Amino acid sequence: MAIEWKVLGRAGADNALHVVVDSGVARESFLFDCGEGVLESLRAGEVKAVSHLAFSHFHMDHVAGFDGFFRINYNRSDAPVTVWGPAGTVELMGHRFRGFVWNLHADQEGEWIVREIGKTALGTARYLTREAFTPAHRQPDQPREGTLLHRGASWRLEGRLLPHGLIDSVAYRLAESPRLNIDAAAMKRNDYLPGPWLRRIVDATADEEETLVEVAGRSLRVGELRRELLVTTPGMSLAYLTDFRVEPDSPAWEELVTWLSGTTVLVCECQYRAADYTLARQNAHMTADLVGRLAAEAGVGRLILHHLSRRYSSEDWRQMRSEAAAFFPRTELPVEWGLS
Ligand SMILES: [Zn+2]
Ligand SMILES: [Zn+2]
């Protein structure tokens with residue numbers, strides 16, 4: 001079980017994040033944003049395997065590569081593609097889907113589920129390739145439950161709306177479900193021998209009091225065995241933040257710190273150097289020192305910087321890492337950039 005990830009795109013160019021959650025039984029792929037050229041470092045098979053495409057917002061540098069993604073996936077037959085984004089995503093994606101001539105589509109497979117994240121509700125619409133993406137099949141809005149967006153088989157996807165000037169930018173957090181393991185030392189201590197009965201212990205449907213299993217010549221309650229044998233390990237988590245400005249020590253900052261608390265890997269925008277504080281504020285972006293502070297206060301495992309401004313030289317980009325690392329030493333630039 002693991003979350004594998006890779007920052008796409010070069011330093012100073014459009015960036016995106018490719019993520020695979022490997023549960024040991026299944027692999028599910030996510031793509032966070034899709035700017036120009038970001039798919040170049042993925043194989044076609046990897047692009048085809050993406051089941052969730054999550055946009056932070058629709059400034060051009062985050063969506064300019066979508067046509068390439070769509071071209072590979074528009075008539076995918078195995079599973080629908082779910083597209084996530086802020087309010088307005090359903091209409092905007094409808095325009096993207098319909099921005100081509102469709103006359104050979106009637107027997108084509110392909111289903112796109114578009115979900116837009118409002119302040120209090122989640123909106124959903126389905127688009128079908130065989131209908132040339134017209135109409136949008138709107139479904140009733142669902143109230144939002146805290147930050148939860150979607151629960152997969154072995155993970156949960158969370159989202160928060162962050163301010164990016166006058167618009168919202170969605171910050172995403174993907175967390176693996178906690179893992180339940182059998183404690184080998186406790187097995188030995190109790191003289192229990194492994195067998196099919198162990199499956200009942202990890203089976204969530206087995207009732208703690210009612211379900212009995214035969215083990216070591218005795219009939220024992222599942223609840224009792226769970227307390228003796230199960231150890232819960234938290235899963236890995238990863239957050240993707242880009243294009244936002246939150247002032248330190250503000251209520252929004254505190255909420256963000258709490259939400260990110262203990263996240264294994266934080267992939268965060270770092271558009272400006274600390275000295276360009278005024279420019280960063282004007283353009284509703286973060287500076288390197290603030291990003292480092294955010295990672296430190298949230299106590300994340302690692303901080304990976306992306307979305308660095310092209311106004312800087314490669315030496316500036318190295319300096320930005322240092323500016324963040326002054327607050328949070330485990331700050332890295334993507335290894336593919338060759339700057340470290
Ligand atoms: Zn951007
Ligand atoms: Zn933006």
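**Entry 1: Arg115**

I looked up Arg115 and found it buried, because 22 other C-beta atoms lie within 10 Å; a residue is called buried if 20 or more other C-beta atoms, placed from the backbone, lie within 10 Å of its own, exposed if 12 or fewer, and partly exposed in between. I note that this is a predicted model, in which local features need pLDDT of at least 70, side-chain atom pairs count only at pLDDT 80 or more, and totals for chains, interfaces and linings use all residues. Residues are numbered from 1 along each chain as its sequence is written, and chains are lettered from A and ligands numbered from 1 in the order in which they are written.

I placed Arg115 in strand E6 (residues 111-117), where strands (E, at least two residues) and helices (H or I, at least four) are DSSP runs numbered from the N terminus. Leaving aside neighbours within four places in sequence, I found Arg115 in contact with Thr82, Trp84, Leu122, Gly123 and Thr124, contact meaning that the C-beta atoms, placed from the backbone, lie within 7 Å. I also checked Val21, which is 94 residues from Arg115 in sequence and 20 Å away in space, C-alpha to C-alpha.

**Entry 2: the whole protein**

I counted 11 helices and 19 strands, and I noted that the C-alpha trace spans about 70 × 60 × 35 Å along its principal axes. Of the 340 residues, 37% are buried. Among contacts between residues at least 6 apart in sequence, 61% join residues at least 24 apart.

**Entry 3: domains**

I have domain 1 (1-165), domain 2 (179-233) and domain 3 (245-340), with bounds from an automatic or database domain assignment. The centres of domain 1 and domain 3, taken over C-alpha atoms, are 25 Å apart, and 13 residues of domain 1 are in contact with 17 residues of domain 3. On the domain 1 side, the elements giving two or more residues are strand E1 (2-8) and strand E10 (155-164), and E10 gives the most, with four residues.

**Entry 4: the seven-stranded sheet**

I traced an open sheet of seven strands in the order E9-E10-E11-E16-E17-E18-E19, with mixed pairing; two strands pair if DSSP finds at least two bridges between them. Strand E9 (148-151) and strand E19 (331-332) are at the edges with a single partner strand each, so one side of each has no neighbour in the sheet. Strand E18 (residues 302-306) runs parallel to E19 and is joined to it by two bridges, with Leu303 opposite Thr331 in E19.

Strand E16 (residues 237-241) pairs with E17 in the parallel sense over four bridges, and Leu238 stands opposite Val265 in E17. I found five of the five residues of E17 buried: Val265, Val267 and Glu269 point one way, whereas Leu266 and Cys268 point the other way.

**Entry 5: the core**

Which residues touch the most other members of the largest nonpolar core? I found Val267, Val291 and Leu305, out of 75 residues, a nonpolar core being a set of buried Ala, Val, Leu, Ile, Met, Phe, Trp, Tyr and Cys residues joined through C-beta atoms within 7 Å. Domain 1 (1-165) and domain 3 (245-340) both give residues to this core, so it lies between them. Leaving aside neighbours within four places in sequence, Val291 is in contact with Cys268, Cys270, Met286, Leu305 and Ala324.

Methods. Two residues are in contact if their C-beta atoms, placed from the backbone, lie within 7 Å.
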